Amino acid sequence: MATLRNLAISALRLTGTDNIAKAIRHLARDATRPLQILGIR
């Protein structure tokens, strides 16, 4: 689980996110948002 969390944090940093906690809360509201950041969907 820690590896997946670190992957998510790294992806957010690559997109230029300043506030990681706020971004994680935003992404948690919709299951498709993280996929969009990773370019999967």
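Ile37 touches Ala11, Leu12, Thr15 and Leu27, leaving out residues up to four places away in sequence; contact here means heavy atoms within 4.5 Å. The place of Ile37 is in helix H3. The model is a predicted one, in which local features need pLDDT of at least 70 and side-chain atom pairs count only at pLDDT 80 or more, while totals for chains, interfaces and linings use all residues. Residues are numbered from 1 along each chain as its sequence is written, and side-chain values use heavy atoms, with hydrogens and water left out.

**Overall layout**

- The chain has three helices and zero strands; helices (H or I, at least four residues) and strands (E, at least two) are DSSP runs, numbered from the N terminus.
- From the N terminus on, the order of the elements is α-α-α.
- Along the principal axes, the C-alpha atoms of the chain fill a box of roughly 20 × 20 × 15 Å.
- Of the 41 residues in the chain, 15% are buried; buried means under 20% relative accessible area, exposed over 50%, and partly exposed in between, with a 1.4 Å probe and protein chains only.

**Helix H2**

- Ile20, Ala23 and Leu27 are the buried residues of H2.
- Seen down the axis of H2, these buried residues fall within an arc of 65 degrees, so they line one face of the helix; the arc is that of the directions from the helix axis to the C-beta atoms.
- An α-helix has 3.6 residues a turn, so residues three or four places apart point the same way.
- The buried residues of H2 pack against H1 and H3, whereas Lys22 and Ala28 are exposed on the other side of H2.
- At the start of H2, a side-chain oxygen of Asn19 comes to within 3.4 Å of the backbone nitrogen of Ala21. Such a polar contact is a pair of N or O atoms within 3.5 Å; within protein, one must be able to donate a hydrogen and the other to accept it, and residues adjacent in sequence count only if both atoms are side-chain atoms.

**The largest pocket**

- The largest pocket has a volume of about 280 Å³, a volume being the space filled by probe spheres set on grid points that are joined across faces, edges and corners.
- On a 1 Å grid over the protein atoms alone, a pocket is an open set of points where a 1.4 Å probe fits, with protein on both sides within 12 Å along at least five of seven lines, and lining residues have an atom within 4 Å of a point.
- Among the residues lining the largest pocket are Arg5, Ala11, Leu27, Pro34 and Ile37.
- Helix H1 (2-14), helix H2 (20-28) and helix H3 (33-38) are the elements that give two or more residues to this lining, and H1 gives the most, with six residues.
- The lining has eleven nonpolar, no polar and one charged residues; Ala, Val, Leu, Ile, Met, Phe, Trp, Tyr, Cys and Pro count as nonpolar, Asp, Glu, Lys and Arg as charged, and the others, Gly among them, as polar.

**Individual residues of the lining**

- Ala11 is found in helix H1 and counts as buried because its relative accessibility is 14%.
- Leaving aside neighbours within four places in sequence, Ala11 is in contact with Ile37 and Leu38.
- Ala11 and Pro34 are 23 residues apart in sequence and 9.2 Å apart in space, C-alpha to C-alpha.
- Ile37 counts as partly exposed, at 32% relative accessibility.
- Arg5 is found in helix H1 and counts as partly exposed, at 49% relative accessibility.
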